[in-house]
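This briefing sets out selected features of the structure shown below. The points are grouped by topic.

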Amino acid sequence: MKEQKTLLVTGASSEIGSRLIRDAADHYEVILAHYCQNADVLVKLKNEIGDHLVLLQADFSKLEEVSAIIQSIDQMGYMPDHIVHLPSQKVNAQKFHKTDIQQYRSGYDLSVASIILILQHFIPKMSRQHYGKIIFMLTSFTLHTPAKYQAPYITTKYALLGLMRDLAGEYAEKGIMVNAISPDMIQTKFLSDMPELIIQQNAAQRPMRRNLTVEDVVPLLLYLLSDCGNVISGQNFGM
């Protein structure tokens with residue numbers, strides 16, 4: 001890895017985000033941790049790993065707050081070398097004809113428009129230093145036929161997949177590696193709105209007869225952020 005790097009994790013208060021920060025802490029000079037509401041887990045992490053963890057609050061469904069967080073990063077003098085983008089609306093099983101257009105708009109702003117604004121600001125700086133790594137969190141539904149009744153969630157994830165593919169093609173020659181990971185169902189609080197029967201059925205269908213855990217997923221993120229990922233770009237890794 002490049003020395004004295006800065007990592008930006010959006011959606012850092014999630015179980016995956018907080019575990020990633022804990023496991024990656026020794027490899028970064030500064031970690032910028034974005035959260036929306038739940039700061040408790042990040043405050044605890046800051047007490048554990050020190051002041052090189054910087055907390056940034058913003059509601060990414062409000063694009064003016066995304067712009068404000070970009071301005072804050074600039075004012076503090078930080079420049080992210082690596083960006084891991086995690087925010088997503090919860091999966092909520094609902095028939096398509098009963099979904100509301102606002103679900104699509106809010107999901108798009110939260111997951112897609114937010115990272116577009118962030119990357120439009122920081123990718124030119126990554127290009128000038130000829131180095132950068134960007135990872136999007138997607139879903140295994142981008143790799144096979146999606147489950148029914150999840151149109152807003154799946155639409156947003158496919159938009160991110162398209163963005164990842166385009167950025168990878170445009171910026172590889174600038175030394176910027178852009179990838180995505182698409183895990184199957186992960187046993188986290190993110191599933192709190194899903195019927196328990198669906199969660200159990202998904203586990204039963206997997207080869208290991210269980211859903212993924214945070215501990216299964218974070219090592220792949222760490223691998224892609226490490227020097228092992230220096231020539232990997234444009235890939236969507238299933239799990």
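Which backbone oxygen does the side chain of Lys 46 reach? The side chain of Lys 46 reaches that of Leu 53, at 2.5 Å. This is a predicted model, in which local features need pLDDT of at least 70 and side-chain atom pairs count only at pLDDT 80 or more, while totals for chains, interfaces and linings use all residues. Residues are numbered from 1 along each chain as its sequence is written, and side-chain values use heavy atoms, with hydrogens and water left out.

**Lys 46**
- Lys 46 is found in helix H2 (residues 40-49); helices (H or I, at least four residues) and strands (E, at least two) are DSSP runs, numbered from the N terminus.
- With a relative accessible area of 27%, Lys 46 is partly exposed; buried means under 20%, exposed over 50%, and partly exposed in between (1.4 Å probe, protein chains only).
- Beyond its neighbours within four places in sequence, Lys 46 is in contact (heavy atoms within 4.5 Å) with Asp 51, Leu 53, Val 54 and Leu 55.
- Lys 46 and Arg 22 are 24 residues apart in sequence, and their C-alpha atoms are 9.5 Å apart in space.

**The sheet**
- An open sheet is formed by 7 strands in the order S3-S2-S1-S4-S5-S6-S7, with parallel pairing; two strands pair if DSSP finds at least two bridges between them.
- Strand S3 (53-57) and strand S7 (236-238) stand at the edges, each with a single partner strand, so one side of each has no neighbour in the sheet.
- From one strand to the next, the twist averages 15°; axes are lines fitted to C-alpha atoms, for helices over the stretch in contact, and angles run from 0 to 180 degrees between N-to-C directions.
- Strand S1 (residues 6-10) pairs with strand S4 (residues 82-85) in the parallel sense over 4 bridges, and Leu 8 has Ile 83 as its bridge partner in S4.

**Helices on the sheet**
- Helix H3 (residues 63-75) packs on the sheet and touches S1, strand S2 (30-35) and S3, with its direction at about 150° to that of S3.
- Helix H4 (residues 101-129) lies across S1, S4, strand S5 (132-137) and strand S6 (176-182), and runs at about 175° to S4.

**Thr 10**
- Thr 10 lies in strand S1 and is buried, with a relative accessible area of 1%.
- The side chains of Thr 10 and His 85 are joined by a polar contact of 2.8 Å (a pair of N or O atoms within 3.5 Å; within protein, one must be able to donate a hydrogen and the other to accept it, and residues adjacent in sequence count only if both atoms are side-chain atoms).
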